[in-house]
Amino acid sequence: MIDHKIGNQRADELLQKLTLEEKIGMIHGAQLFQTAGVERLGIPPLKMSDGPMGVRQEFMPSSWKPIGHSDDFVTYLPCNSALASTWNRKIAYDIGSVLGEEARARGKDIILAPGVNIKRSPLCGRNFEYFSEDPYLTGELAAAYIQGVQLWDVAACVKHFAANNQETERLWVDVEVDEEALREIYFPAFYDAVKKGGVYTVMGAYNKVCGEHGCQSEFLLNEVLRKEWGFDGVVISDWGGVHDTEAAANSQLDIEMSVTDDFDDYFMARPLLEKIKSGEISEDTVDQKVKRILLLMFRLHMLEAEGCVSTVPRKSGAYNTPEHRQKALEAARESIVLLKNEKQRLPLKQEKQRRILLVGENAQQLHANGGGSAEIKALYEISPLMGLKSRLGGNAEIAYARGYCGSAENPQEQQETNWQEKSLENGGGSQGNTQENRSADLAEKRRMLREEAVRLAAEYETVIFVGGLDHTYDCEGNDRTDMVLPYEQDLLIQRLLEVRSDLIIVLLAGSPVQMRDWIDKADTVVWSWYAGMEGGNALADVLLGRVNPSGKLPESFYKTHTDCSAHAVGTFAEKKTVSYREGCEVGYRYLDKYQIEPEFCFGHGLSYTTFAYSDARLDDEKQRVVCTVENTGDYDGSEVVQVYVRREGAKLFQELKGFVKVFVKAGEKTEAAVVIDGMEKMRGEGVIYCVGSSSRDIRLMIKSC
């Protein structure tokens, strides 16, 4: 990176040479994913792309029509929820690096990721794009992810700042939230992205916070982001998130983007030019924005800086490499969560598998090309059915029964290619806009599929149900109305359990689902996310014991959505105003305080082996909690050691303050050292450090002196 002083000097020199019209062109979209450059001064445009699961396909400059070439297939990466389930900072860094290298190879300057909004409710349609309900876990993994992206001379863009926790009326909903909750729950991951991750760009949110739109908010962008946190990077609007020329110009927003092709009529385009010429708005406001854009270009080695001792060539990147596919596989493997294994039916003994039946659409359905702006044109995607077949080979018969069907024969083919053109209509999103088709014909078809699956289940040695959600439900612009499994899957699972008590249940989704109708009868349950191009292979590896599962839940799995504080105490998905009356009591913080039993708690995840904890102590000098972890089972495996802090007299029962993932061979021990942020400030406050395998499986406790 060039010297900051030289970069500032060079930016000032370029700024003086720019005309007002040229400067205006640099602060708004000139194409759907690109600003205007200034060719005469050697200033290139800024080229951007979604998103968190891979670099999106190329669109026409001014319409949401794919160009349709064969050169924009990419590595399909696990979603951020899957990354969070790894509880592994290195995995997050590696996946960020893959995304950054592929974005650079595709000629992008900014990749619009990661999303770090807190999972306030399990019903939010974009939850699969986000990490966790917990700000500490989110911030730690997001910071590592950002560092990986920016290694490749590409700017990460952390989004959506702030309190963007639902899709319903997302353009206009006003979030009423107290400042304590903002600073304890909804700000920390963004702060970590800025301070630990060193993120170069930030995206504003569609919604309002206490009356101000996020993309032109004085409080969010000026008071917090610029003044308090000292962020000197570029702030970009969400696409269509600007609503007023004067408010945007006088805010700390630098670039306005939108989904429409009337680029000259954007609020920070011709309307701003006219207001500056009339004297209503100072040209200085534009100069500040342009200078930050120029500094970003220097950081990314897009511009040469005269006076530098050496000129660092910009990295070129690469995409669809074998190394990238391997990283995607490793992340997918670590993301899988073993929820139940009461009779140790898993792992399956590969040499004994002769006849296996897979039931459920998610066994064969592909998910890369859905979900909204996270959609990916994947080089390939391995389904669970293909993964298991390719791993077992020809000595095993693997049959497939559909078992259930969605509202459309092929939901992926039913998606509108140009959904984004209409994404600003109806407040930007709604709740339950994927209402089930209740026709008699569809009901009869589902009955027949269900009966066929139940009949076949009695004929096979091993039966695996693979269901869950799809991107009809986990989707930008849509919130669910409840956590119930769609397509009558609960009924199918119950019927299968009646004939196969040894049924292995695999659920694949981006958000938790309700399981209460059958969970007590099921003894083997595996959770997978949208795990990228290698997801099917990763799942097969876990089921067959080639990989010992080590994923832990990054969010609470409620019995029903009304157990969540956003629904029990606050409000969610209302038309005009949403009240965060639950304050800081989000996720496990609420459940723990009021002793509400989740279906599966935050941090939960089983292994094929067992771990014993001992010898916990405080290492004040290095600000960490240390303990011994022993693998007391028969399989090598990894354990996530989690440290929660409880304070005497505090409002909250406990909060995650540190974690580390350790690998331990069977029969061996290792030392786990968990660094605790702010440990020196907590000394003498009646602090208890709780060391455990989940938020509800605390093994050791240490009281601070």
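Reader: In this predicted model, which residues in H4 meet which residues in H5?

Author: On the H4 side they are Arg 89, Ala 92, Tyr 93, Ile 95, Gly 96, Ser 97, Leu 99 and Gly 100. They meet Tyr 136, Glu 140, Leu 141, Ala 144, Tyr 145, Gln 147, Gly 148 and Val 149 in H5. By class, this contact has 9 nonpolar, 5 polar and 2 charged residues.

Reader: Why is H4 called oblique to H5?

Author: Helix H4 (residues 89-105) and helix H5 (residues 135-150) pack at an angle of about 40 degrees, and their axes lie 6 Å apart. Angles under 35 degrees count as roughly parallel and 65 to 115 as roughly perpendicular, so the pair falls in the oblique class. The crossing of H4 and H5 is right-handed.

Reader: What describes the packing of H4 and helix H12?

Author: The angle between H4 and H12 (residues 322-335) is about 145 degrees, with the axes 10 Å apart. H4 passes H12 in a left-handed crossing. Among the residues making the contact are Lys 90, Asp 94 and Glu 101 of H4, with Lys 327, Glu 330 and Glu 334 of H12. By class, the contact of H4 with H12 has 5 nonpolar, 1 polar and 7 charged residues.

Reader: Which residues touch the most other members of the largest nonpolar core?

Author: Of its 170 residues, these are Phe 161, Trp 239, Phe 465, Met 515, Trp 518 and Trp 527. Beyond its neighbours within four places in sequence, Phe 161 is in contact with residues including Phe 187, Phe 190, Leu 220 and Trp 229. A second, separate core of 28 residues includes Ala 332, Ile 356, Leu 385 and Leu 539.

Methods:
Residues are numbered from 1 along each chain as its sequence is written. This is a predicted model: local features need pLDDT of at least 70, side-chain atom pairs count only at pLDDT 80 or more; totals for chains, interfaces and linings use all residues. Side-chain values use heavy atoms; hydrogens and water are left out. Axes are lines fitted to C-alpha atoms, for helices over the stretch in contact, and angles run from 0 to 180 degrees between N-to-C directions. Helices (H or I, at least four residues) and strands (E, at least two) are DSSP runs, numbered from the N terminus. Angles under 35 degrees count as roughly parallel, over 145 as roughly antiparallel, 65 to 115 as roughly perpendicular and the rest as oblique. A crossing is left-handed if the near helix is turned anticlockwise from the far one by less than a right angle, and right-handed if clockwise. Contact means heavy atoms within 4.5 Å. Ala, Val, Leu, Ile, Met, Phe, Trp, Tyr, Cys and Pro count as nonpolar, Asp, Glu, Lys and Arg as charged, and the others, Gly among them, as polar. A nonpolar core is a set of buried Ala, Val, Leu, Ile, Met, Phe, Trp, Tyr and Cys residues joined through side-chain atoms within 4.5 Å. Buried means under 20% relative accessible area, exposed over 50%, partly exposed in between (1.4 Å probe, protein chains only).
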